[in-house]
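Subject: Structure for you to look at

Hello,

Here is the structure I said I would pass on.

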Amino acid sequence: MRLTRTAYIGILLLFAIPSAHAAPATTIATNTQGLTQEARQRSQQYRKKLTKALQASILTRGPAATAKHYGNTTQQIDQQFSQQGWRIRRTSSKVRNPNNRPDLWEQRILQNFALMIGQGAPAERLEETAVIVLNGKKTFRYMKAITVTNACLSCHGTKVSRQVRLAIDDRYPNDPAKGYRKGDIIGAVSIYKALE
């Protein structure tokens with residue numbers, strides 16, 4: 001029997017690394033093909049909406065004001081896309097907003113993404129799925145890597161203007177989410193849905 005990369009990593013996650021959020025080493029049988037397709041579609045629509053909102057804000061408000069207010073915009077978009085039992089958010093190993101810190105499962109996937117990039121995997125294709133027990137409920141989880149685009153660089157790049165830096169430091173004084181280059185993985189879209 002041949003395992004897909006997603007199934008193999010899912011098995012590793014379930015058996016090799018116990019988690020406070022995941023079920024103990026038990027296999028959770030679920031047909032995830034339809035859930036994966038729906039999560040991909042939601043992720044794509046969500047990322048398009050975030051990008052459109054970011055570009056519009058930069059054009060109308062400028063980079064400094066966008067840096068100050070974009071977090072509020074993304075929270076509204078998260079709420080808009082969190083419907084019909086689905087929950088969606090962004091996370092990263094270097095979060096600007098502490099509310100976006102990854103949970104244990106998300107940390108492992110972000111580390112997996114970094115390892116795969118180191119082995120030459122194309123960042124735009126990185127995604128993971130699993131079915132785990134989260135808060136006592138069987139839950140489908142999906143993550144899709146987010147790569148840095150030109151729009152991201154004015155606030156997260158290596159050459160951030162003084163005005164933007166001051167706006168970021170005012171709201172997020174301990175910000176580690178900087179120094180990125182186009183094409184880097186800046187984080188991931190994380191989506192989950194309770195199945196029970």
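In what sense do S3 and S4 pair, and over how many bridges? The pairing of S3 with S4 is antiparallel and runs over nine bridges. Please keep in mind while reading that this is a predicted model.

The sheet

S3 and S4 belong to an open sheet of four strands, in the order S1-S4-S3-S2, with antiparallel pairing. The edge strands are S1 (86-91) and S2 (127-134), each of which pairs on one side only. From one strand to the next, the twist averages 20°.

S1 pairs with S4 (residues 185-194), again in the antiparallel sense, over six bridges. Two positions let you find this pairing on the screen. Arg-90 stands opposite Val-189 in S4, and Ile-88 stands opposite Ile-191 in S4. Ile-191 in S4 is also the bridge partner of Tyr-142.

In a regular strand, side chains alternate between the two faces of the sheet.

Helices H2 and H3

Two packed helices are described by the angle between their axes and the distance between the axes. For H2 (residues 33-61) and H3, the axes come within 9 Å and cross at roughly 150°. Angles over 145 degrees count as roughly antiparallel, and H2 and H3 are therefore roughly antiparallel to each other. The crossing of H2 past H3 is right-handed.

On the H2 side they include Arg-42, Tyr-46, Leu-50, Leu-54 and Ile-58, and on the H3 side they include Pro-63, His-69, Tyr-70, Ile-77 and Phe-81. Sorted by class, the contact of H2 with H3 has ten nonpolar, seven polar and four charged residues.

The structure holds two aromatic pairs. In one of them, the rings of Tyr-46 and Phe-81 have centres 5.6 Å apart and planes at 80°, so the pair is edge-to-face. Tyr-46 lies in H2 and Phe-81 in H3, so this pair ties together parts that are 35 residues apart in sequence.

Helices H3 and H6

How do the axes of H3 and H6 cross, and within what distance do they come? The axes of H3 (residues 63-81) and H6 (residues 162-171) come within 7 Å and cross at roughly 30°. Angles under 35 degrees count as roughly parallel, and H3 and H6 are therefore roughly parallel to each other. Their crossing is right-handed.

From H3, the contact is made by Pro-63, Ala-64, Ala-67, Lys-68, His-69, Gly-71 and Asn-72. From H6, the residues are Gln-163, Val-164, Ala-167, Ile-168, Asp-170 and Arg-171. By class, the contact of H3 with H6 has six nonpolar, four polar and three charged residues. Pro-63 and His-69 of H3 are named in this contact and also among the H3 residues that meet H2.

Regards

Technical notes. Residues are numbered from 1 along each chain as its sequence is written. This is a predicted model: local features need pLDDT of at least 70, side-chain atom pairs count only at pLDDT 80 or more; totals for chains, interfaces and linings use all residues. Side-chain values use heavy atoms; hydrogens and water are left out. Axes are lines fitted to C-alpha atoms, for helices over the stretch in contact, and angles run from 0 to 180 degrees between N-to-C directions. Helices (H or I, at least four residues) and strands (E, at least two) are DSSP runs, numbered from the N terminus. Angles under 35 degrees count as roughly parallel, over 145 as roughly antiparallel, 65 to 115 as roughly perpendicular and the rest as oblique. A crossing is left-handed if the near helix is turned anticlockwise from the far one by less than a right angle, and right-handed if clockwise. Contact means heavy atoms within 4.5 Å. Ala, Val, Leu, Ile, Met, Phe, Trp, Tyr, Cys and Pro count as nonpolar, Asp, Glu, Lys and Arg as charged, and the others, Gly among them, as polar. Two strands pair if DSSP finds at least two bridges between them. Rings of Phe, Tyr and Trp (its six-membered ring) pair if their centres lie within 6.5 Å; planes under 30 degrees apart count as stacked, over 60 as edge-to-face and the rest as tilted.
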